[in-house]
Amino acid sequence: MASSSGSLLIVSSLCFLSLFVTPTTAQLRQNYYANVCPNVESIVRNVVTTKFRQTFVTVPATLRLFFHDCFVQGCDASVIVASTPSNTAEKDHPENLSLAGDGFDTVIKAKAAVDAIPSCRNKVSCADILAMATRDVISMAGGPSYAVELGRLDGLSSTAASVNGKLPKPTFNLDQLNALFAANGLTQSDMIALSAAHTVGFSHCGKFANRIYNFSRFNPVDPTLNPLYATQLQGMCPRVVDPRIAINMDPNTPNTFDNMYYKNLQQGKGLFTSDQVLFTDPRSRPTVNAWASSSPVFQNAFITAITKLGRVGVKTGFSGNIRRDCGAFN
């Protein structure tokens, strides 16, 4: 999931490995709020449904927000915190500036709806609301529904500096992708499954322009790119293009969460280098082929992967709290 305008996924170097968040299941469990806010999942789902009906961007925006949150200091909603005069927060790091506002808005509105219920007020974390909303947008876009583990606390720190080297880049090769995901307790299979978030994503032209104009001295166009698709991309993204222009990452079913992502890779239609490498590298190609041919097998793998992602760096005890305002520390 390389860093783009609309999907989820994103590193530089793997220096300072000691700073990487280690995965933990902590106290996560299904139905965590059964005794304090039993209807929390339906409350969140109702808000997400309203947002989804307003704009499909809610889907990739929320999904990508979850990924960017979990890969930097763990799944603790630290990416939602706003900067202050004395602190530049995660969301204002250059790699997070393209996170669509609809993802933030979804969580903030869901938090308000939850806290409007007296018994639920200040009992449900922003981190858990983001996890639930992510499950809901995936399901609403045609993807699998699944039980969400809950019990995360919200983080107490959010700095732009903490983002450095933590998110995949669109130019990554398989080794770089595997190293980054492994640092978060995720396997190659998990990485390939989570990359499918790009089936509903979108990207600004600048993220892949090198592949269609100046790939190398001898090949202006990346030879792993489908020639017809490359021509189409050049038409949508001319050399001089408005930097705000964004295109769908899945040219076939951009509004459906499905296994078309893998079928596109088989045809040379992966938008980023980090997408297409999953097919061109013989180590990952068998998985791509398997999931392209079986939607149920892919969906099961995705549920496993996103559940594991939701366990990364979970805050417990004194390492976190329940934020009253998702965009500001208590």
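Asn96 is in contact with His68, Val79, Glu90, Lys91, Val163 and Leu167, leaving aside residues up to four places away in sequence. The model is a predicted one. Asn96 sits in the loop between α2 (58–70) and α3 (101–115). With a relative accessibility of 1%, Asn96 falls under the 20% limit and therefore counts as buried. A polar atom of the Asn96 side chain lies 2.9 Å from the backbone oxygen of Glu90, and Glu90 is also among the residues that Asn96 touches.

Is Asn330 buried or partly exposed? Its relative accessibility is 44%, so Asn330 counts as partly exposed. Not counting residues up to four places away in sequence, Asn330 touches Asn321, Ile322, Arg323, Arg324 and Asp325. Asn330 and Leu156 are 174 residues apart in sequence, yet their C-alpha atoms are 8.8 Å apart in space.

Helix α2 has 13 residues and spans 18 Å from its first C-alpha to its last, close to the 18 Å expected at 1.5 Å a residue. Of its 13 residues, 13 are buried, so α2 is largely enclosed by the rest of the structure.

The largest nonpolar core has 72 residues, and those that touch the most other members are Val44, Val114, Tyr262, Leu278, Ile306 and Leu309. Which helix gives the most to this core? Helix α4 (residues 126–140) does, with nine residues. A second, separate core has 13 residues, including Tyr213, Ile247, Met249 and Phe272.

Beyond residues up to four places away in sequence, Leu309 touches Phe66, Phe67, Cys70, Phe71, Cys75, Leu186 and Leu194. Among these contacts are Cys70 and Cys75, which are joined to each other by a disulfide.

### Disulfides

The structure holds four disulfides. Counting bonded cysteines along the chain, their pattern is 1-4, 2-3, 5-8, 6-7.

| Pair | S to S distance | Torsion about S-S | Hand |
|---|---|---|---|
| Cys37 and Cys120 | 2.0 Å | about 90° | right-handed |
| Cys70 and Cys75 | 2.0 Å | about 120° | right-handed |
| Cys126 and Cys326 | 2.1 Å | -95° | left-handed |

The pair of Cys126 and Cys326 ties together parts that are 200 residues apart in sequence, because Cys126 lies in helix α4 and Cys326 in the segment after β4. Cys126 is buried at a relative accessible area of 0%, and Cys326 counts as buried at 2%.

The disulfide of Cys37 and Cys120 likewise links distant parts of the chain, 83 residues apart: Cys37 is in the segment before α1 (40–54), and Cys120 is in the loop between α3 and α4. Cys37 has a relative accessible area of 0% and is buried, while Cys120, at 2% relative accessibility, also counts as buried.

Cys70 and Cys75 are both buried too.

Note on methods. Residues numbered from 1 in each chain as written. Predicted model: local features only at pLDDT ≥ 70, side-chain atom pairs only at ≥ 80, totals over all residues. Heavy atoms only, no water. Helix = DSSP H or I, 4+ residues; strand = E, 2+ residues; numbered from the N terminus. Buried < 20%, exposed > 50% of the residue type's maximum accessible area, 1.4 Å probe, protein only. Polar contact = N/O pair within 3.5 Å; in protein donor to acceptor, adjacent residues only side chain to side chain. Contact = heavy atoms within 4.5 Å. Core = buried A, V, L, I, M, F, W, Y, C linked by side-chain atoms within 4.5 Å. Expected span 1.5 Å × (residues − 1). Disulfide = S-S within 2.5 Å.
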